[in-house]
Amino acid sequence: MTTNSKDMRKTWEKIADYFRAHSIWMKWYCTGCGAIEMPPTMTSRFDMEQLGMGPMATPRQADVLLITGYLSAKTLRRVIYSYEQMQDPKYVVGFGSCTLNGGIYFDSYATMTRLDHYLPVDLYIAGCMPRPEAIMNAFDTLIKMIEKGEAKGWRHYQENHDWYRKNQLHSLKEVYVKDEFHE
Amino acid sequence: MIQYAGILLILIGIYGLLTETNLIKIIVSLNVFELGLNVFIISVGFVREGVAPILTSVNNHSGLVFVDPLPQALVLTAIVIGLGTTALGLAFARRIYMKHGTLNIEEIGGGIND
Amino acid sequence: MINPVLLIAIPLLLAFVSILYKGYRNNLLVFGALVNAGLVLTLGKGEYLIGGFKPPFGINLVLDDYAFLGLLVINGLFLLITLMSLDKIGENATVLLVALAGLNGLLLTGDLFNLFVFLEITAITAYILSASSRQYQHSFNYLVLGTLGSGLYLFGLILLYAVFGSLNMADLSLKMATADTSQLVIPSLLIFIGLGVEVKILPFNGWVRGVYGNSDSLVGPLFSAVYAGAMLLVFGRIFAQVIPLGAYLKTLLLLLGALTLIAGELAALSKTRIREILLYSSIGQSGLIVTLFLSGLVFPAVMQLFNNILSKAVLFTVAGQMADTTGTDDAEALQGAFARHKLAGVAFTIAGLSLIGMPLFYGFVSKINLLFGVFSLDNYWLPGVILLGTVIEGTYLIRLLVKLWMPGEEGLVSHESHATKAPLEIQRARVMGIVVLSAVLLVGGLMPGMIQNNLSESGRLLDETTPVYLFDLKGGQ
Amino acid sequence: MTFDILIVLMFLGAVTAYLVSKADLKAGAYATVLFSLGALVLLLLGRGEIGSEFTILFMGFEVTTIGWYFSGVMVLVYAMTAFFNSYWMDKMIYPGSYNFLYLFSLGGTVGLFFAKDLITLFIFWEIVVWSSTFIVPMGKSRRAAVVYYTISTIGSMATLYGIMLLHRISGTLDIQGAFAPLKNDPVLATVIFFIFIMAGLTKIGIFPFHIWLPLAHGSAPHTFSPVLSGGLVKMGAFIAYMSVGILPAYEAFKGSLTVMGIPIQIYALMILGAVSIVLGTLMAIKQDDAKKLIAYSSVANGGYILIGILLMDQLAFAGSMMHLFNHAIASAAAFLAIAVVAHRTGTTKISELGGMIHRMPLTYLTYLIAIISLAGIPPMGGFVSKWLIIQGLADQGLMFMALAAFFGSIGSFLYVFRPLAAVFLGQLAPRHEELASAPLLMKIPMTILMVLILFFGVLPGWILGIIGQIQVAAGIEPVMMSGNSILAVNGVLNTLNVFMVFGFGFLIALVIFMLMQKSRRVGLMDTYTSAEFIYTPELYHYGSAFYAPFERLYARHPSVEDFLMALAYKGHEAGLMVNALFFSHKPGVTVFWITVIVAVVTLGGVGL
Amino acid sequence: MNLMNFVYAFLLLLAAFVFQTTLTGINRKVVARLQRRRGPRFYQQFIDIFKALSKGSTTHGWVFDFGVVMALGGIMATAIFIPFGPLKAVPAMDNIFIIAYVLAVGMLGMAMSASGSGNPWASIGVSRALTNMLAYDIPFMMVVFGLIFAFDTSSLSGLAAIQREGGFLGWHVIRFPLGGIVAMISLQGMLGKKPFDSFIAPAEIASGPMVEYGGRHLGMLFLLHEFSTFIEVSLIVHLFFGGGATVAAFLVKYALIYTFLNIVSNVLPRFKIDQAVTFFYKVPLALAVVQTFLIIVVGMGVA
């Protein structure tokens with residue numbers, strides 16, 4: 001993929017994006033309290049499956065990484081690891097204000113306040129916490145973005161990997177932590 | 001009658017072999033046994049009112065009743081052999097006494113991982 | 001025509017001479033054994049009177065095929081064992097010469113009382129030889145039992161004499177054939193016990209463990225091969241050819257033989273010391289051979305007997321040598337012993353396999369023959385017992401062979417570094433001797449027809465009612 | 001002429017190999033390759049001489065189709081395994097003797113199948129037993145050799161009893177003639193049947209005689225396990241065949257009780273076969289040692305072979321004859337693959353290995369194809385034979401046999417997959433990073449076996465033709481072939497079509513796969529770990545207790561091995577008792593027994 | 001076998017794919033309705049599959065790729081053997097045992113590929129799947145064995161034709177009700193539906209064998225899943241429900257059975273794997289043995 005054709009999608013990519021838009025499998029990274037909003041979104045009241053969405057067991061199978069809450073140094077490493085295991089194209093959705101600016105933990109020494117310094121976030125869902133209506137609405141937006149080919153965070157991450165990596169290392173010292181607890 | 005004495009001696013000898021623990025007494029028992037045997041053998045050849053099986057000027061007619069000489073010859077041989085084994089047995093007993101300091105067979109032990 | 005009495009006289013004479021010339025004892029012994037072995041080959045068959053009295057009154061020597069075959073093997077083995085273990089003879093040369101005379105007498109004599117005399121002569125030499133282990137209590141035990149046994153033999157003999165008035169075997173067998181067998185029960189039993197002590201029938205063989213278990217590389221093969229062979233041949237002579245057994249006693253004694261076979265093999269199975277394993281195996285084999293003799297299967301019994309003594313000569317030589325040089329004959333302590341003594345190991349293995357009755361070895365020929373023989377009697381339980389014995393025997397012998405060849409812990413690949421460090425030595429003379437013996441076993445197994453041809457000249461053995469199955473070129477029968 | 005040369009050549013070859021080994025070990029090992037390959041060539045050349053008779057020394061021989069077939073299987077396994085010998089020369093304690101015994105036992109097996117009379121049969125049988133007994137302990141266990149020998153001997157001694165009994169009855173030892181009088185005597189035939197087949201049962205490893213297989217196969221030298229499992233076990237099948245084919249079992253048992261048309265005597269043995277299948281499968285599933293696992297699978301497959309042979313019908317018999325071949329080469333190939341792994345890593349423990357595919361792909365492929373055949377999955381040879389056996393069982397309605405067969409069949413997926421997943425797939429331990437792949441000489445037999453397994457799975461016609469001849473000779477209807485189709489009474493199998501359809505499906509899948517985006521290659525440790533950071537491949541490998549939940553269901557099973565060992569211990573104790581009762585240094589003990597005997601006889605005599 | 005066979009086979013594969021995928025979509029809808037949800041579009045399953053195929057993927061080595069291809073190839077080959085109602089791509093190849101064993105090629109390929117990923121969860125999943133297979137296949141095969149013995153044919157279409165002779169009452173599920181029950185339970189196991197789905201337990205072992213699949217590999221596994229569902233349900237339709245005299249009849253029976261099982265599945269919890277084995281060996285196997293015994297010895301229901 002050359003830079004010229006970055007915004008030009010081939011026909012098959014358009015078709016593929018249609019499929020991608022209507023079949024969104026998510027890996028939930030439920031670090032915080034926001035996860036409590038997912039069950040109502042799944043079940044009969046809101047039924048996210050009608051949009052073709054569903055939770056998946058592993059990042060390999062998932063298209064969307066949904067991060068529902070604050071990030072600490074410890075969890076961010078795992079989030080990055082999971083993200084890198086996902087298959088392209090992949091999208092990141094920041095859920096709740098914690099991922100935006102740290103939320104109520106904004107002044108904690110241990111919290112990573114801005115997710116998009118470390119991972120390319122395609123979409124934020126603001127709120128503390130966002131209700132299922134907001135989630136459904138956000139995903140409607142994501143579907144449209146994907147269909148139009150606008151959700152290109154994964155490519156951004158590839159192209160600016162050095163910048164992201166620098167941020168990650170700056171905050172975490174090492175992403176793939178290897179010490180006496182991890183061998 | 002004398003057979004029974006022989007058999008009795010044999011049985012006494014065997015009883016001795018069964019019960020004695022002293023090596024010398026075992027050899028004695030063996031000798032008693034052999035003695036009984038010899039008595040028995042002699043008795044086999046014994047003929048009542050028989051004479052010695054030697055042709056003399058008196059005893060030379062064909063109707064003669066004489067004692068069977070063969071068992072006596074046998075006993076002679078058996079006694080000699082018995083003497084030999086007794087001697088050897090005593091030699092062994094002496095060696096055992098020298099080695100173990102006892103003649104009691106219970107105290108000697110089997111020697112091979114008993 | 002050479003009078004076979006020379007076979008008895010020459011060693012006896014040399015024995016006396018050896019007392020006078022102590023320095024030449026060993027030479028005299030070898031000379032005697034050589035002369036005897038050579039004489040055997042020149043003997044002519046027939047009956048020989050001793051002292052001029054005609055049988056049934058006088059003593060006679062009977063040299064028939066049975067005796068001839070026995071003499072051949074016993075003298076040959078005696079010579080070989082003597083040569084193999086010359087260094088072990090020491091004080092015993094005179095005794096050995098007397099023993100040779102006694103053994104030949106046993107095989108040759110045709111008179112029951114004469115047999116008793118030779119039995120005692122042989123036994124006394126055996127007591128003395130057994131003392132070379134310095135374990136006198138066992139020699140003493142052997143002496144007491146042997147004397148008691150021959151006393152009982154004498155007892156039985158005199159009872160027979162009392163009834164039939166004869167001591168000549170040929171004469172007696174004619175007279176007894178027509179007699180009421182119930183008369184014979186007690187004398188037969190006493191004679192059986194008397195010989196049973198010597199041929200190691202089960203309840204009478206308490207001495208065997210102590211004597212065989214401490215034997216060295218001279219005494220072990222001598223006892224297990226030469227003495228045992230001669231005694232068993234005598235047993236066969238008396239119980240297969242002289243004394244007819246009534247059904248009652250025969251069944252009982254057969255059971256005793258079968259019991260000896262199984263019990264001996266089981267006892268061997270439970271042992272770890274090589275000589276003990278082998279001695280119990282000898283007991284088992286004796287049980288088997290006795291059973292065959294009692295069944296009237298003389299030819300298979302003799303074949304099996306030869307198989308047994310030839311094998312045992314090899315096995316006991318090696319086992320005795322192990323005990324002599326390393327001070328132990330525990331199989332565990334000697335594991336991998338053959339890694340450094342391959343030739344001796346091969347001979348040991350051949351002897352072991354032949355003893356089990358594996359094909360390609362002589363033992364197979366004899367096993368097949370004895371099975372054919374037993375089946376021809378329409379006896380269906382005995383072969384089962386014999387085969388069961390073979391299974392057990394094979395198990396412990398293979399276990400022993402594997403242990404001696406392949407050192408190593410369970411779970412690790414067998415490697416020479418696990419082999420015993422015991423200072424085992426096997427002299428060249430012994431190695432050559434056992435190689436010769438095992439070669440005989442191998443040739444006998446590969447070419448049973450050859451043995452058959454040599455045997456077929458002999459009339460009496462094959463005239464037995466026993467069917468003989470040797471392999472001709474067509475295979476089978 | 002060819003066959004007497006063949007047999008004599010093997011024994012001469014044994015001596016030659018030994019002598020050559022004395023000069024140069026590797027050369028000795030190559031001699032085993034040459035001689036066993038020579039045997040293979042001679043066998044193929046001599047196919048025209050079927051029916052000829054000859055004698056060697058005192059032994060008579062006759063070349064029959066079934067003998068030719070069996071020895072073909074045997075020689076093939078020996079020849080293929082021989083390629084491996086040279087790599088183990090420096091690890092064996094007696095390499096020269098190994099080469100000697102290797103060819104010696106080969107000679108024994110070949111002679112066995114051509115025996116004309118029962119004694120010759122027995123001679124060669126025992127030759128094989130003792131020569132292989134001495135190879136087994138060169139491996140990891142001495143006890144294994146003793147157990148192997150004992151179990152084998154129990155069988156062969158029973159058979160010897162049967163041979164003698166037969167001779168007593170019929171007056172001949174000729175194989176054809178000896179069994180003839182049994183036709184009209186069901187009682188005697190039953191006795192002979194059970195006694196004679198014992199050697200077969202012990203050798204195949206039928207329950208309760210199976211205990212030697214895992215021990216001996218599992219601990220024999222790696223180069224001999226393929227022969228044991230692929231080759232020697234099949235000797236038992238030959239005896240089993242003789243017991244129903246030459247002993248006219250079905251004819252003799254005409255009057256007996258039948259189960260689904262099978263005489264109860266034969267059915268009883270089939271039950272043992274079924275038990276072996278189930279037991280072999282269950283035990284194989286829980287093994288941690290790859291060699292033991294394949295050994296137990298041999299127990300299970302032996303059950304199949306026994307059931308098929310005992311059926312003596314058109315389908316199952318043919319299936320089991322073919323299974324014999326398929327199992328021989330597949331099991332040999334599997335053992336060889338494990339041997340390569342053992343050669344490179346020094347262990348056969350499943351839990352200590354992993355990821356071997358990345359170091360030795362050809363070995364992996366060999367193992368894969370072998371186990372596909374073992375599990376009876378098309379398009380490999382094992383499928384054809386299992387299909388025939390199951391169709392045969394369905395034809396006869398033997399539901400419990402079929403139940404066992406299904407269990408064994410599905411269960412085999414479990415146990416063959418275990419080494420596949422845990423030895424060859426999964427994580428590669430860092431200590432194995434530097435392993436080299438299989439040496440060239442090992443690759444040759446593995447490739448040949450792979451090709452053979454696949455070839456006879458796709459085109460089984462040649463083998464089934466030979467089996468048809470065997471069936472005709474045994475007096476049963478031969479298996480029907482039409483083109484590439486096997487025609488069973490209740491089904492048709494066209495192996496070529498199966499293969500082509502499979503190829504077609506594979507092609508479509510491949511096209512789909514290739515059309516899509518290329519994949520990115522990632523390392524083995526880059527897997528989903530719930531985002532945990534793990535750096536130890538050994539710990540991150542699912543290798544031990546692979547079927548733990550299932551194994552738990554029968555963890556506390558009764559074991560015949562325990563029973564047999566207890567029996568052996570009882571024998572040991574009886575021996576000690578004999579020792580204690582009768583043997584002492586005190587004369588009194590023996591004198592006591594003498595008086596007892598005298599008393600018993602005298603009193604008994606008075607009673608008479 | 002000639003070229004036309006292959007063309008025909010390809011078309012039948014396509015038809016089977018379209019049919020089964022649609023049915024899966026519909027069933028997702030049905031399940032959603034059971035749970036009082038609206039549910040996805042009926043063609044959602046197509047979208048999912050094509051999306052997966054369109055994505056990028058990672059591989060862990062050649063066996064990871066090869067296994068997937070082998071799995072899909074094997075399963076498609078099996079599907080070709082299955083008679084599509086009265087239509088058969090390959091003549092005289094619809095032998096049950098062939099189908100049962102060819103099916104295993106696909107299973108093995110999948111298992112191999114999964115284990116080849118190096119992820120222990122995949123191996124655990126495979127181990128459970130194989131154990132599950134050992135559980136459900138034995139009762140099923142037992143019943144099938146009885147059928148083959150009774151009617152002397154192991155051809156699927158042959159057995160189906162025999163049933164149709166007697167009309168509705170001739171169906172084996174009516175004539176051999178025990179066998180029918182066993183077959184339905186086994187089918188539940190074969191399909192990996194609840195309560196026998198512990199091998200893909202998503203929360204416990206991260207969907208088991210599929211843990212490392214993404215992109216085209218995952219897409220192909222979805223295809224594989226559709227085809228194997230087609231094979232398994234078709235087996236039951238042919239063996240117990242009279243197959244199909246017409247394609248329409250076949251498809252209707254098929255759809256009804258599949259939907260029924262799906263509904264059952266959605267009201268049940270999940271067995272542990274050893275519970276599944278115990279269950280299968282207690283109830284269905286006993287039923288199967290009784291049924292087979294009745295068929296073989298008593299001849300009940302064989303007419």
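Predicted model: local features only at pLDDT ≥ 70, side-chain atom pairs only at ≥ 80, totals over all residues.
**Entry: chain pairs.** I looked up which chains touch. Six pairs of chains are in contact, and chains D and E share the most contacts. I then checked two pairs that stay apart. Chain A and chain B do not touch, with 56 Å between their nearest C-alpha atoms. Chain B and chain E have no contact either; their closest C-alpha atoms are 54 Å apart.

**Entry: D against C.** I took the side of chain D that touches chain C. Here 59 residues of chain D meet 64 residues of chain C. Which elements of chain D each supply at least two residues to that side? I found strand E2 (59-62) and helices H5 (118-135), H6 (142-170), H23 (560-582) and H24 (587-607). H6(D) gives the most, with 13 residues. By class, I noted 33 nonpolar, 17 polar and nine charged residues on this side of chain D.

**Entry: domains of D.** I looked up the division of chain D. Domain 1 covers 1-116, domain 2 covers 141-557 and domain 3 covers 566-607. The centres of domain 2 and domain 3 of chain D, over C-alpha atoms, lie 49 Å apart.

**Entry: chain A.** I listed seven helices and seven strands in chain A. From the N terminus, their order is α-β-α-β-β-β-α-β-α-β-β-α-α-α. The radius of gyration of chain A is 16 Å, close to the 16 Å from the globule rule for 183 residues, so chain A is as compact as a globular protein of that length. Its C-alpha atoms fill a box of roughly 50 × 45 × 30 Å along the principal axes. In chain A, 44% of the 183 residues are buried. Of the chain A contacts between residues at least 6 apart in sequence, 81% join residues at least 24 apart.

Key
Residues numbered from 1 in each chain as written. Chains lettered and ligands numbered in written order. Contact = placed C-beta atoms within 7 Å. Helix = DSSP H or I, 4+ residues; strand = E, 2+ residues; numbered from the N terminus. Nonpolar A, V, L, I, M, F, W, Y, C, P; charged D, E, K, R; others polar. Domains from an automatic or database assignment. Rg over C-alpha atoms; globule rule 2.2 N^0.38 Å. Buried ≥ 20, exposed ≤ 12 C-beta atoms within 10 Å, placed from the backbone.
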